[in-house]
Amino acid sequence: MLLSQRLLRTAYSLTALSLLIGLAACNSSDTATEDGDDMAAVDSPDSGVTGDVLVDGSSTVFPISEAMAEEFMAENPDARVTVGVSGSGGGFSKFCAGETDISNASRPIKPEEAEICAENGIEFVELPIAFDGLSVITNPENDWAECLTVDELKMIWEPDAQGAITNWNQVRDEFPDAPLGLYGPGTDSGTFDYFTEAIVGEDGASRGDFTSSEDDNVIVQGVANDQGGLGYLGYAYYIENEDRLKLMAIDGGNGCIQPSQETIADGTYQPLSRPEFFYVKVDSLSNPAVRAFAEFQIDPDNANLVNETGYVPIPADLAPLAQERLDNEIAGTVFPDGSAVGVKLADLFEAQQ
Amino acid sequence: MTTQQDFPSQEKGSSSISSSYQPNLSGRYKLDKIFAAIALICAWAGLVVLAWLLVDVFTDGVSRLTWTFISEFPSRKPDEAGLLSALVGSIWLIGIVALVAFPVGVGAGIFLEEFIKNSVIGNIIEVNISNLAGVPSIIYGLLGLAAFVRWMEPLTGGRSIIAGGLTLGLLVLPIVIVATRESLRAVPDSTRLAGFAVGATRWQVVRDTVLPPAFPGILTGTILALSRAIGETAPLITIGALTFIAFLPRGPRDSFTALPIQIYNWVSRPQQEFHSLAAGGIIVLLVVLLTMNSIAVILRNKLQKSR
């Protein structure tokens with residue numbers, strides 16, 4: 001009898017505890033509703049727009065989106081922007097299932113992804129948010145290589161190189177006898193897709209015997225500790241680790257050019273300078289918060305946020321074109337084959353408009 | 001070993017086996033000491049690794065442990081960034097996991113151990129639960145995505161706290177069931193027989209004589225299961241927990257993030273400052289874990305004493 005009383009008492013206190021938790025939850029949700037959860041709430045001029053914005057997609061674009069969302073919510077306290085990181089591909093699969101309003105991508109939407117979107121009746125506006133320069137890096141102790149041509153990079157990274165190209169002296173005759181250690185992003189990343197397409201010429205075609213990681217800091221670590229190391233990653237990761245890495249210039253046919261804010265923005269760093277995108281669902285544009293957030297992201301006044309996160313803002317001539325696309329809700333992609341290598345965005349946008 | 005090798009040379013011409021026996025005590029004691037030393041190293045290995053981890057994390061992250069860090073939302077500026085939304089999200093998750101896994105797990109454990117023990121159905125269920133306990137956590141994430149996020153969307157609200165809590169609840173359910181059964185099994189059969197002898201029904205026996213002494217063990221098992229749930233990342237990423245979220249959830253159907261996801265996000269950033277934020281996040285997660293584990297220990301001791 002005594003035992004069962006003990007048990008009951010414990011059960012009571014546990015119930016009380018869970019009730020407490022429940023009460024706290026109810027409280028918080030009550031206050032929240034008072035603040036005005038209602039999506040149909042009128043836009044009051046001083047507190048900005050109201051509504052939820054669901055963003056998901058590329059991890060490369062995430063820091064930009066995070067900065068934008070933070071500032072946007074500071075201006076519009078009643079808007080709620082959330083950003084997920086599912087990768088460019090993962091983001092599109094949610095976007096085309098109608099689960100998100102905006103999908104970030106470090107590459108254009110692929111034809112097969114656009115097809116799924118069309119099947120589900122999801123129309124989208126394609127907008128640029130920033131530029132990134134894929135940076136080829138080596139160990140600082142590498143004193144032999146300053147500049148690599150696209151052909152040399154191709155020779156190193158193409159699928160046929162697997163197990164065959166293992167030494168620097170195979171890349172160029174004047175290079176010394178030093179084992180080649182390769183580091184790159186994982187096959188799910190948009191960075192991998194873009195690099196293989198720009199260098200090897202085919203999306204996803206790469207040798208498999210390199211150290212790959214979804215975390216670019218692992219690539220930094222690898223190259224920084226391997227005298228014969230070579231890797232590629234986003235420009236922001238190079239900038240943060242300048243003292244531990246050496247930046248390669250790339251010869252795309254017009255001489256050796258190093259990635260920098262200037263060469264990435266004006267497109268002279270070719271073919272590894274790439275645009276970053278976000279895709280807005282047309283149906284969601286009727287939500288004032290989604291529209292306002294999309295406008296906020298392409299607004300030239302917010303270009304400093306892009307700079308802050310280590311990326312290059314879209315050039316001045318592109319911003320009005322992007323704004324026009326958004327205003328007119330021009331749906332569809334300007335990259336029918338899903339490739340953004342070596343194209344000028346402004347030309348493509350003008351052609352579509 | 002030594003004695004056998006020494007045997008032919010030393011014992012030449014001896015007459016009886018008993019006199020040839022050399023105890024070689026010093027050799028045996030030496031072996032004993034060597035074994036003790038190895039065992040000691042094994043025992044310390046875990047501790048050393050833990051201490052190393054703590055030192056590493058604390059040197060990186062302790063400077064980040066300010067009130068701002070706990071009370072602010074994530075930010076692009078490392079100095080203003082905090083993990084409030086992740087901490088609250090994790091606490092929400094734990095609450096839901098406890099509400100789901102405790103009653104269902106304990107109920108299943110009692111049923112299997114007290115009501116259908118050694119029956120065919122019982123054995124089938126038992127094998128399946130053991131299998132479930134070995135399923136990788138990401139598989140539970142896929143199950144949660146299909147069942148709770150997509151199929152039960154009208155109820156759960158999609159990628160919500162409740163969907164995450166239910167997924168993690170399923171993940172730790174086998175642990176709770178196994179812990180419950182182990183605790184029940186430790187109760188001597190004589191108490192059950194005594195109950196039946198005075199005419200109690202099976203449920204009365206379970207309620208009044210078996211469950212009370214087993215309860216501390218069940219509680220400990222449940223809290224340890226919750227500790228496992230709080231550190232899980234893979235299933236949450238699969239069901240679509242968010243990374244940047246600068247408001248607190250308004251209810252169980254709201255979107256959320258959790259501590260491990262926030263830590264992972266900070267670790268993968270290029271800036272060094274975010275890496276130290278990640279270390280700070282790890283400390284917070286460790287503190288939450290240790291608090292939960294010590295609650296388990298205190299509850300167990302208290303309940304055992306009161307018996």
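Author: Let's begin with the second largest cavity, whose lining has 2 nonpolar, 1 polar and 5 charged residues. Here Ala, Val, Leu, Ile, Met, Phe, Trp, Tyr, Cys and Pro count as nonpolar, Asp, Glu, Lys and Arg as charged, and the others, Gly among them, as polar.

Reader: Before we go on, what should I know about the model and the numbering?
Author: This is a predicted model, in which local features need pLDDT of at least 70 and side-chain atom pairs count only at pLDDT 80 or more, while totals for chains, interfaces and linings use all residues. Residues are numbered from 1 along each chain as its sequence is written, chains are lettered from A and ligands numbered from 1 in the order in which they are written, and side-chain values use heavy atoms, with hydrogens and water left out.

Reader: Thanks! Which residues line the second largest cavity?
Author: The lining is made of Arg107(A), Pro108(A), Lys110(A), Asp193(A), Tyr194(A), Glu197(A), Asp203(A) and Gly338(A). A cavity is a set of points, on a 1 Å grid over the protein atoms alone, where a 1.4 Å probe fits but cannot get out, and lining residues have an atom within 4 Å of a point.

Reader: How much space lies in there?
Author: About 50 Å³ for the second largest cavity. The volume is the space filled by probe spheres set on the grid points, which are joined across faces, edges and corners. The structure holds 3 cavities of 30 Å³ or more.

Reader: And which domains does that lining draw on?
Author: Domain 1 and domain 2 of chain A each give at least three residues to the lining of the second largest cavity. Domain 1 covers 51-132 + 274-352 and domain 2 covers 135-258, with bounds that come from an automatic or database domain assignment.

Reader: How many residues does each domain of chain A bring to the contact?
Author: Domain 1 of chain A brings 14 residues and domain 2 of chain A brings 10, where contact means heavy atoms within 4.5 Å. Between them, these two domains bury about 960 Å², 53% of it on carbon and sulfur atoms. Buried area is the accessible area (1.4 Å probe) that two parts lose on being put together, summed over both.

Reader: How many salt bridges are there between these two?
Author: The count between domain 1 and domain 2 of chain A is 3 salt bridges, each a side-chain nitrogen of Lys or Arg within 4 Å of a carboxyl oxygen of Asp or Glu. Two cavity-lining residues, Asp193(A) and Lys110(A), meet in a salt bridge at 3.7 Å, N to O. By class, the side of domain 1 of chain A that touches domain 2 has 2 nonpolar, 8 polar and 4 charged residues.

Reader: Switching topic: what area is buried between chain B and chain A?
Author: About 3500 Å², of which carbon and sulfur atoms give 57%. Arg76(B), Phe244(B) and Arg250(B) supply 26% of the area that chain B buries against chain A, more than any other three residues. The contact takes 38 residues from chain B and 40 from chain A.

Reader: Which residue does Arg76(B) meet in a salt bridge?
Author: Glu71(A), at 3.0 Å, N to O. The count between chain B and chain A is 7 salt bridges.

Reader: Last one: how is chain B divided into domains?
Author: Chain B has domain 1 (19-64) and domain 2 (69-306), with centres 33 Å apart over C-alpha atoms. The area buried between these domains of chain B is about 740 Å², with 72% from carbon and sulfur atoms. Across their interface the rule finds 1 salt bridge, and Asp79(B) and Arg64(B) meet in a salt bridge at 3.3 Å, N to O.

Terms used: 1 Å grid on protein atoms, 1.4 Å probe; cavity = no way out; pocket = protein on both sides within 12 Å on 5 of 7 lines; lining within 4 Å.
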